[in-house]
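Colleague: Could you walk me through a model the way you would read it yourself? I would like the general idea each time, and then the case at hand.

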Amino acid sequence: MSTISETPAIGLTHGGSEDTGLGHRGPESKSIVVPYGFWLFVLSDMVLFSALFASYATLVHATDGGPATNQLFDRNLVAIETMALLLSSFVCGLAMITAKRKNMAWTQIWLVVTGLFGLVFLSIELFEFGKMIGEGAGPQRSAFLSAFFTLVGCHGAHVTAGLLWLGTMIAQIWAKGFRQDITRRLLCFSVFWHALDIIWVAIFTIVYLIGTLP
Amino acid sequence: MFGRLTLAAIPFDQPIPLITSLVVLLVIGGLAVWISKNKWWPYLWNEYITSTDHKRIGVMYIVLALVMLVRGFADGIMMRAQQAIAIGPSQGYLTPEHYNQIFTAHGTIMIFFVAMPFVIGFMNFVVPLQLGVRDVAFPTMNNVSFWLNASGALLVNLSLFLGEFARTGWLAFPPLSESQFSPGVGVDYYLVALQISGVGTVLTAVNFVTTILKTRAPGMSYLRMPVFCWTALASNLIMLAAFPVLTVALAQLMLDRYLGFHFFTNDGGGNSMLYMNLIWVWGHPEVYILVLPAFGIYSEVAATFSGKPLFGYRSMVFATLAICIISYMVWLHHFFTMGAGGDINAVFGIASMVIGIPTGVKIYNWLFTMYGGRVRFNVPVYYLIGFMLTFVVGGLTGVLLAIPPVDFVVHNSLFLVAHFHQVIIGGVVFALMAGYTYWFPKAFGFTLDERLGKAVFWCWFIGFHLAFIPSYLLGLWGATRRMQHIPDPSWAPFLAVELVGAAIIGLGIVLTVVQLLYSIKTRDQRRDITGDPWDGRTLEWLTLSPPPHYNFAVLPDVHGEEAYWTRKQTAIKEEKLIDEPHYQPIEMPINTPTGVIVAFFASVCGFAVIWYIWWLAIVGLIGAFAIFVWYAWRDEHEHIIPVEEVRANARERRRIRMEHLHSISQST
């Protein structure tokens, strides 16, 4: 993403800054500063999820006589759900490549496909939630289920927010083209989208795989 | 239509909150009329409310903190008065319900809306100047952070007039804070206000870590950064890693209260100790979020007023980072009585004592900085010395509390209350007052009155010791904290002394206001012409007071650890300034109302959630999303300051500096 004619970051009019990344030669350009800040935000989000994982681990056996993990989860359904999210991330990567080549049509197509896979993921999650609540295994049933719905639901809320963001990105690229500030935002979006994948892999392992062990 | 909100929410039957609210409304109304009459709204809107200038945002944070300090202090002295009166047969003037709200509000406000904005305000004002750059990494987000913080403060204060505040203590421990035992809106006010201001704090942390690591003047390598920037970095790293945990703990409590989840309830398998762990995983690092920048301020003060480089700069940096990391490993010492077992308690007890080592390193560094220096006894140095005397004792009682068997005896007693007030007032508040005096001339172009400043210091110093040292004894004798009524009449003299101490602190706060007004009135005699009133050593003293919007006409080239001091000494020796550089136009971020609009919708949404007005909450969310889209759609983010303006400004500064240089060389 870093090109030669970057707009300087705040304060940078003092000669040229070669992007050492360490900031010893004056303020870094925006193409460094903005994604760096966004990475920090993603890290803080990871801390948020780690607190939710810790809560889940603490409460996973607190079923209060209600259903436990291996009575609730359906590995096959979750496998499809996982594939949808991973494919969505892959397609998002394709969109980034086409965006780098400034190919409007393909970028838009891949972004829409990214969003569609995201929607598939969300629908399966909502279906699973609905089914569980219908069986009387809603979040009010026990501390374990409260922790489950909060952890997985928080990830789902992130995906929803990501989809809203994706919508505005599609509109912005369409209306304004591959301007530097817009592609920077697109880069941040893809970081966010991949980070949600990483968290999902942890959820898949800790909640679903371990939860369905015999 | 209005959820739970009815006319009964206004406390007609309780004269104290009712009259207070009316007075506050009158003051706000009076201010609004006064501002309108002088036609100051456009100025306020353009120069402060929508400003993306880190200096203006810093000033707004500190104003917010000072206003909230008055509120938090009012709560404090009401408690002290109640405890001095309600002894034996007397029940005092506050009912238990009201008293419980007051101690909850006192703690919540003092930590979240006094100490935090004060510290963040200094980081805003000082860090970019010390780094030699023109603003923080994300100026608009900085404005948003401030207004979210202000939104939280607004909601907490609204609880005085509409409904009630939590009666749970400042950390709202469940199961007491669950809807079963706290059915009112008090805990909801607490939760929503802290969530909103917490978002602002995380954004601040992102902003400042990026600023410090990625935007510094050319030549300013890590080990050339001033210590205040190092402490700000450590503090923001802690914020980044600790505040999300607070968000989780509070969100889970909200889910319990609003949707009937079972995280911390007594039934359904809930586990209230989970909340204790989560809240203190945030809560203990929070102490260091506050005290590390305070240490940074003392470091600046010690070096500047001793006329020497800071002793042991590198050890100071290492000590700061050591505290930054160890601060995560001690949270369990807040509840040794949980029953985690002797081994775990021992680990956390030892970890807590280990923090004393880097802190001790710092104390010796300050002492050795002063040793052999020509110490100028200005107001900030009073605070520095007062801090060292007070804080060392507070730290030692902390080491006592870190011994689990001792903690079992004195936990939740006034001994604990005395300890944390000693480290927070003696450590953080003294630093904030020192910083206020130290950087005030940089912000406004004139110094504060020294005589009144010293009077304020003595009020804080004497007042604090009278108000809290007796509590150590009372705690050892078995007085628990948060008592609305005192059963043992033999404690009465001690509590009376403490009330006197609180009144002396109150006098100090009044004198702070007097000092400010008097200094404004006599500002023409106390102008800071040169921009360097204290013979400073760091880059903020290189530019004018107050600095231009863009801080530096040309980013300074940094050579060595004390960037400005080196440059100043060279200029004095050679009797000339550095050659006039080549000026260029400067690109600066434009003003934006985004922050204040986002905060408006956040407040509306938060208020709606507190009172169960769901349609309004949805309106608030849609509004917030709309402003996000609108902001993203904007095309103009920066404006250009023409080179003529930059050059004229810089030449004026050089002329002043040259005059100053001549006056120095003539006098020596």
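**Reading the model, feature by feature**

Modeller: Gladly. B:Asp535 lies in the loop between α16 and α17 of chain B, and please keep in mind that this is a predicted model. Phi of B:Asp535 is near 55 degrees, a positive value in a residue other than glycine.

Colleague: Now to helix packing. At what angle do α14 and α15 of chain B pack?

Modeller: Two packed helices are described by the angle between their axes and the distance between the axes. For α14 (residues 414-444) and α15 (residues 450-476) of chain B, the angle is about 170 degrees and the axes are 8 Å apart. That angle is over 145 degrees, so α14(B) is roughly antiparallel to α15(B). Residues making the contact include B:Phe415, B:Ile425 and B:Phe430 of α14(B), and B:Trp460, B:Phe464 and B:Phe468 of α15(B). By type, the contact residues divide into 16 nonpolar, seven polar and no charged.

Colleague: And the nonpolar core: which residues have the most contacts inside the largest one?

Modeller: That core has 250 residues, and those with the most contacts inside it are B:Tyr189, B:Val209, B:Ala249, B:Tyr298, B:Tyr383 and B:Ala431. Take B:Ala249: leaving aside neighbours within four places in sequence, it is in contact with B:Tyr275, B:Leu278, B:Ile279 and B:Trp282.

Colleague: How many residues does each chain give to the contact between A and B?

Modeller: Chain B gives 44 residues and chain A gives 39. On the chain B side, α6, α7, α8, β1 and α19 each supply at least two residues, and α7(B) has the largest share, with nine. The chain B side divides into 27 nonpolar, 12 polar and five charged residues. For the complex, the predictor gives an ipTM of 0.94 and a pTM of 0.95.

Colleague: What does chain A look like, and where does its pLDDT stay under 50?

Modeller: Chain A has six helices and zero strands, and 36% of its 214 residues count as buried. Its mean pLDDT is 89, with 89% of the residues scoring at least 70. pLDDT stays under 50 over residues 1-21 of chain A. Where pLDDT is low, the predicted coordinates should not be read in detail.

Colleague: What is the mean pLDDT of chain B?

Modeller: It is 94, and 100% of the residues of chain B reach 70 or more.

Key:
Residues numbered from 1 in each chain as written. Chains lettered and ligands numbered in written order. Predicted model: local features only at pLDDT ≥ 70, side-chain atom pairs only at ≥ 80, totals over all residues. Axes fitted to C-alpha atoms, helices over the stretch in contact; angles between N-to-C directions. Helix = DSSP H or I, 4+ residues; strand = E, 2+ residues; numbered from the N terminus. Parallel < 35°, antiparallel > 145°, perpendicular 65-115°, else oblique. Contact = placed C-beta atoms within 7 Å. Nonpolar A, V, L, I, M, F, W, Y, C, P; charged D, E, K, R; others polar. Core = buried A, V, L, I, M, F, W, Y, C linked by C-beta atoms within 7 Å. Buried ≥ 20, exposed ≤ 12 C-beta atoms within 10 Å, placed from the backbone. pLDDT = per-residue confidence, 0-100.
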